[in-house]
Amino acid sequence: MKLKTLIVLSCMLLGGSVFSAAQEVTDATALTDTAAVAAPRPIADLFARDSENDHGHSLTLSWTISPDDGAGQMNVIGYELYRALSPDGEFELRGKFPFGAASYIDVGAKEKESSQYSPDHTDFYYKVRALTSDPEVFTDSEIFGPVQSYGQWFNTGRIPVLVFVIGFLTTTVILIRRARGGADLFVRRLPGIEAVDEAIGRATEMGKPILYVLGLGTAADIATIASYTILGRVAKKVAEYQTGLIVPCYDPVTMTVAQETVKTAYADAGRPDAYSEDMVYFVTQSQFAYVAAVNGTMLRERPATNIYMGKFFAESLILAETGAFAGSIQISGTDEIAQIPFFVVACDYTLIGEELYAASAYLGREPLLLGSLKAQDYAKAAVILLAIIGFLTMNFGLEGFKELFYISN
Amino acid sequence: MKRQLPLALVFIFGIFCIFQYFVPHESSEWIYEFLLAWIYIIGILTLALGIWSLIRVSWDKVQHRRPNWQYALVTLLGLFAMITFGFDYCRSFFSSEGLRNYMFVHFFDYILIPIQATMFSLLAFFIASASYRAFRARSLLASLLLLAALVIMLRFNPYLGFVGEYMEQLATWLLNVPNLAAKRAIIVGVGLGIVATSLKVILGIERNYLGRD
């Protein structure tokens with residue numbers, strides 16, 4: 001009897017489970033039917049205009065998101081932007097973005113061969129499609145157009161830079177005129193440059209050469225151009241003292257210019273015959289192969305002085321430490337901020353940042369060069385003043401002053 | 001003329017490049033890109049001069065058996081071996097096929113790259129030796145540098161407990177306030193120096209790079 005009851009109860013339980021499972025499936029089907037995705041309301045206020053301060057081929061679009069985006073049925077999962085050459089033309093997809101997006105910059109390619117080419121001065125029509133989880137259910141906005149893209153002839157976002165350039169140029173010209181007129185312009189001391197003469201004298205006494213490294217920059221780098229001036233000065237002194245000079249180069253263009261610079265310096269010193277093209281030679285354009293070559297030269301030739309001026313990267317410390325081990329006097333200068341600490345640690349004298357650029361004026365002592373150096377100093381004073389004003393205005397909540405210096409790309 | 005023409009070219013193209021910065025129009029960009037292309041053209045041509053310079057200097061050392069001439073010989077052998085395999089005479093002289101040459105690839109992958117990696121890894125040891133010199137507390141400033149370096153280095157030490165948290169805060173302050181202020185000051189100075197030097201080059205005040213007539 002008990003067994004019979006147990007079997008009956010088991011059957012009931014099993015039957016009940018099967019029934020409830022079937023009921024859940026039925027309920028889910030009913031739910032799906034009733035929650036079929038409804039068409040969302042469209043976006044509003046679609047507006048397109050040419051993108052500012054660019055070379056063209058770009059349009060900036062904005063709109064108000066669909067009321068069903070993040071509200072109501074919350075069924076807008078994203079948007080698609082379409083473009084056509086006429087309101088009745090074939091619309092092509094230009095961009096996809098997630099829900100919440102309310103603007104887009106439609107940037108096309110300027111190359112005619114590109115599939116993304118977007119011509120300037122051509123009428124375009126746009127619409128934005130609000131998407132739902134169901135690919136078949138969406139809503140298009142009203143079509144906006146026509147709108148054209150075109151390039152600008154002046155980047156208004158760079159007016160602060162223009163003002164600075166004009167101001168700096170004017171100051172430079174005024175100070176050059178003053179220097180030419182005989183005004184005594186004070187120039188700060190640069191111990192690193194003053195040490196050059198001493199180092200060349202030491203090399204002459206020791207009968208050892210001077211190693212001059214122009215760095216890894218190209219001839220187009222301003223740091224390398226500044227380095228040529230110092231090289232010219234060093235080469236002239238070397239020619240006068242009849243000391244050896246070694247200039248291993250990383251870049252062939254740099255080498256060509258450096259050869260001319262050294263040749264000129266030897267001629268100016270009245271010893272053109274002492275110049276040899278082998279003083280300035282090309283090594284390699286591979287960073288660490290160059291380092292290996294220069295280090296080898298340091299350890300074999302044991303130069304009395306190593307001068308590093310120009311652009312340096314990861315090799316700076318390897319060079320400077322090897323030079324220190326070799327017992328050379330070392331003078332360095334670079335505008336690469338990350339490398340300055342390495343040079344400061346490993347070298348006897350270091351020109352920090354803009355001192356590298358000031359060196360040419362310091363060495364030349366010509367009115368033209370001194371004028372530009374003084375302009376640099378005045379500009380720095382102006383920057384300090386503006387920084388103080390900026391600090392005060394920001395602390396008093398006056399954001400307008402900061403906006404004056406905003407520069408767009 | 002030999003001096004005036006380069007100065008005139010530098011002035012014209014220098015002024016153009018200043019204006020180009022303020023003119024985003026496509027035609028301005030086109031001229032700018034055209035000018036930049038010349039850098040590559042000149043660079044490729046001068047590469048021949050560079051290789052000639054390397055060969056001449058190295059050959060001179062080998063020929064006259066100057067001190068350490070063996071290194072120059074290795075340089076020449078390496079140069080010519082890579083050129084020979086790179087051009088891959090047997091297959092296609094004027095294509096980049098040589099870059100896939102078996103010997104070229106093996107020399108590059110198994111000799112050049114390990115040697116370069118070795119050179120780069122030396123940096124770790126040089127940093128240690130440079131730090132040792134820099135962090136000797138010989139003066140007040142050197143002592144401050146040592147203290148700052150200790151804070152920066154020890155901030156991630158897990159055994160410092162609650163002290164580590166203070167160190168972390170102090171290190172962040174050191175990096176974000178005095179360190180960043182100094183960096184920005186150098187950046188401003190460098191920027192002004194670049195502008196001043198550029199103006200000097202464009203206006204023909206700085207002409208050392210031109211050499212003599």
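Hi everyone, let's start with chain A, which splits into domain 1 (44–147), domain 2 (156–183 + 369–403) and domain 3 (191–364). Between the C-alpha centres of domain 1 and domain 2 of chain A there are 44 Å. Please keep in mind that this is a predicted model. For the complex, the predictor reports an ipTM of 0.90 and a pTM of 0.82. Chain B has an average pLDDT of 88, with 95% of its residues scoring at least 70.

Now, how do the two chains meet? Chain A brings 68 residues to the contact and chain B brings 54. On the chain A side, α5(A) gives the most, with 10 residues. Sorted by class, that side of chain A has 39 nonpolar, 18 polar and 11 charged residues.

Let's move over to chain B and its helix α2, residues 26–63. This helix has 38 residues and covers 56 Å from its first C-alpha to its last, close to the 56 Å expected at 1.5 Å a residue. Which residues of α2(B) are buried? They are T46(B), G50(B), S53(B), L54(B), V57(B), S58(B) and K61(B). After α2(B) comes R65(B), with a positive phi near 45 degrees.

Further along chain B, have a look at R136(B), in the loop between α4 (102–134) and α5 (140–154).

G193(B) takes us to our last stop, α6(B), where G193(B) is one of the buried residues. Others among them are A171(B), G189(B), V190(B), L192(B) and V195(B). Helix α6(B) runs over residues 162–202, so 41 residues at 1.5 Å a residue should span 60 Å, and the 58 Å between its end C-alpha atoms agrees. There is still a bend to point out: α6(B) has a kink of about 40 degrees, centred on L180(B). Just past α6(B), G204(B) has a positive phi of about 80 degrees.

Key:
Residues are numbered from 1 along each chain as its sequence is written. Chains are lettered from A and ligands numbered from 1 in the order in which they are written. This is a predicted model: local features need pLDDT of at least 70, side-chain atom pairs count only at pLDDT 80 or more; totals for chains, interfaces and linings use all residues. Helices (H or I, at least four residues) and strands (E, at least two) are DSSP runs, numbered from the N terminus. The expected span of a helix is 1.5 Å times one less than its number of residues. A residue is buried if 20 or more other C-beta atoms lie within 10 Å of its own, exposed if 12 or fewer, and partly exposed in between; C-beta atoms are placed from the backbone. pLDDT is the predictor's confidence in each residue, from 0 to 100. Domain bounds come from an automatic or database domain assignment. Two residues are in contact if their C-beta atoms, placed from the backbone, lie within 7 Å. Ala, Val, Leu, Ile, Met, Phe, Trp, Tyr, Cys and Pro count as nonpolar, Asp, Glu, Lys and Arg as charged, and the others, Gly among them, as polar. The bend at a residue is the angle between axes fitted to the seven residues ending there and the seven starting there.
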